[in-house]
Amino acid sequence: GVAFVGGFSYADVLDSAKGWAGAIRFNPQLKKMFDDFYQRTDTFSFGVCNGCQLSTLLGWVPGGFFDFSQPRFIQNDSGRFESRFSTVTILPSPAMMLQGMIGSRLGIWVADGEGKFFSPEEKGLDLILREKLAPIRYIDDQNKITTAYPFNPNGSAVGIAALCDPTGRHLAMMPHPERTFLNWQWAYWPPEWGEQISPWFKMFQNAYQWCLKNATENTEQ
């Protein structure tokens, strides 16, 4: 597996992750390495924040399976960097890392200036929704998917906070589960939960179990 981490690659001077993506896409040898990794059936990827923006610019999510202009993440509607504890829901999808989490409504940290999901073509968004490739959405205090600020911190269409590919092996999300997997990292932790790790830890357990299963199957073959 590969993780594309958050941060500010190339200082984001060309817009978020564009320098990072360009360094890969316009280097033939490096691009081939990435393409070969992506096409293998025994690999997975996880992009967070700046890494999520990279995953879309590379076409890894929602995948190069559809004939439409590549969706991406653009400047927040607020015009500024948003750092807040937002609430999201997890919907049915093929995403391997989110299995067993469907229906969850969880708090999570957001920290981005260009986190607004944008699809240049309406048919692109239609296909993403139809194929269930937008597994994480921002919700309001009534647990409804929302585009209203500040519940939706960036103005993403239909509350989209994450994308996956049809195989479920590649997942990219703007919010930060790696900053929210321990109880003391939460802005609010229900006392009745009483656990040392948060539900977001399940994502990383899923990735581990997936790798373990693949290793076992390959050994048996």
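Tutor: Let's start with burial: buried means under 20% relative accessible area, exposed over 50%, and partly exposed in between (1.4 Å probe, protein chains only). This is a predicted model, where local features need pLDDT of at least 70, side-chain atom pairs count only at pLDDT 80 or more, and totals for chains, interfaces and linings use all residues. Residues are numbered from 1 along each chain as its sequence is written, and side-chain values use heavy atoms, leaving out hydrogens and water.

Student: What makes W60 buried or exposed?
Tutor: W60 has a relative accessible area of 3%, so W60 is buried.

Student: And why is F34 called partly exposed?
Tutor: The relative accessible area of F34 is 22%, so F34 falls in the partly exposed class.

Student: Why is the pair of F4 and F34 called stacked?
Tutor: Rings of Phe, Tyr and Trp (its six-membered ring) pair if their centres lie within 6.5 Å; planes under 30 degrees apart count as stacked, over 60 as edge-to-face and the rest as tilted. For F4 and F34 the centres are 6.3 Å apart and the planes at 15 degrees, so the pair is stacked.

Student: What makes the pair of F34 and W60 tilted?
Tutor: Its planes are 55 degrees apart, with 6.1 Å centre to centre, and the pair is tilted.

Student: Why are α1 and α2 called roughly perpendicular?
Tutor: Angles under 35 degrees count as roughly parallel, over 145 as roughly antiparallel, 65 to 115 as roughly perpendicular and the rest as oblique. The axes of α1 (residues 18–25) and α2 (residues 28–39) cross at roughly 95 degrees, and the two helices are therefore roughly perpendicular.

Methods:
Axes are lines fitted to C-alpha atoms, for helices over the stretch in contact, and angles run from 0 to 180 degrees between N-to-C directions. Helices (H or I, at least four residues) and strands (E, at least two) are DSSP runs, numbered from the N terminus.
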